[in-house]
Amino acid sequence: MGRRILNEALRTIVNAEKRGFSSAELNPVSNVMASFLQIMKYRGYIKDFQVHDAHRVGKITVHLLGRVKDCRAITYRQDIKADYLEKYKTRALPTHQWGYVVITTPNGVLDHEEAIRQNVGGQVLGYFY
């Protein structure tokens, strides 16, 4: 999946949050995007999301809570080792108190806390706070 597609979808979520909408529709659909949204849902940044007609072009409807201040996809490939996850988090996120870096690892798409717990590295997909 192209990272520009993921970045465009995440920017759609941020713009809908800023305008006060309760939901946003994302086109096209990908498994990586669904995994990213699943992490956002698990961490309490979005209420729910539904994938409609994933086998064709499809769309994803995201129900928002109003907690997302910013979320972006890293458009270039950036590998990161498990030892440097904490340092990368402090550099990428505005504070130590909230926000998550999303990483694709051999164990699947994980946030930085889960990747540190499992001691795995991978490629940075993006972040949200």
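**Close-up 1. Helix α1 (residues 3-19) packs with helix α2 (residues 31-42) at an angle of about 35 degrees, their axes lying 10 Å apart.** The structure is a predicted model, in which local features need pLDDT of at least 70 and side-chain atom pairs count only at pLDDT 80 or more, while totals for chains, interfaces and linings use all residues. Residues are numbered from 1 along each chain as its sequence is written, and side-chain values use heavy atoms, with hydrogens and water left out. Axes are lines fitted to C-alpha atoms, for helices over the stretch in contact, and angles run from 0 to 180 degrees between N-to-C directions; helices (H or I, at least four residues) and strands (E, at least two) are DSSP runs, numbered from the N terminus. The crossing of α1 and α2 is right-handed, that is, the near helix is turned clockwise from the far one by less than a right angle.

**Close-up 2. In the contact between the two helices, I5, L6, A9, L10 and I13 of α1 meet M33, F36, L37 and M40 of α2.** Contact means heavy atoms within 4.5 Å. The residues of this contact divide into 9 nonpolar, no polar and no charged, where Ala, Val, Leu, Ile, Met, Phe, Trp, Tyr, Cys and Pro count as nonpolar, Asp, Glu, Lys and Arg as charged, and the others, Gly among them, as polar.

**Close-up 3. The buried residues of α1 are R3, L6, A9, L10, I13, V14, A16 and E17.** Seen down the axis of α1, these buried residues fall within an arc of 165 degrees (taken from the directions from the helix axis to the C-beta atoms), so they line one face of the helix. Buried means under 20% relative accessible area and exposed over 50%, with partly exposed in between (1.4 Å probe, protein chains only). The buried residues of α1 pack against β1 (23-26), α2, β3 (59-64), β4 and β8 (122-128), whereas the face turned away from the buried side carries the exposed residues R4, E8, K18 and R19. After α1 comes G20, whose phi is positive, near 85 degrees.

**Close-up 4. In α2, M33, A34, F36, L37, I39 and M40 are buried.** The helix is followed by G44, whose phi is positive, near 85 degrees.

**Close-up 5. Q78 is placed in the loop between β4 (71-73) and β5 (79-80).** Q78 counts as buried because its relative accessibility is 18%. Leaving aside residues up to four places away in sequence, Q78 touches Y88, R91, G122, Q123 and V124.
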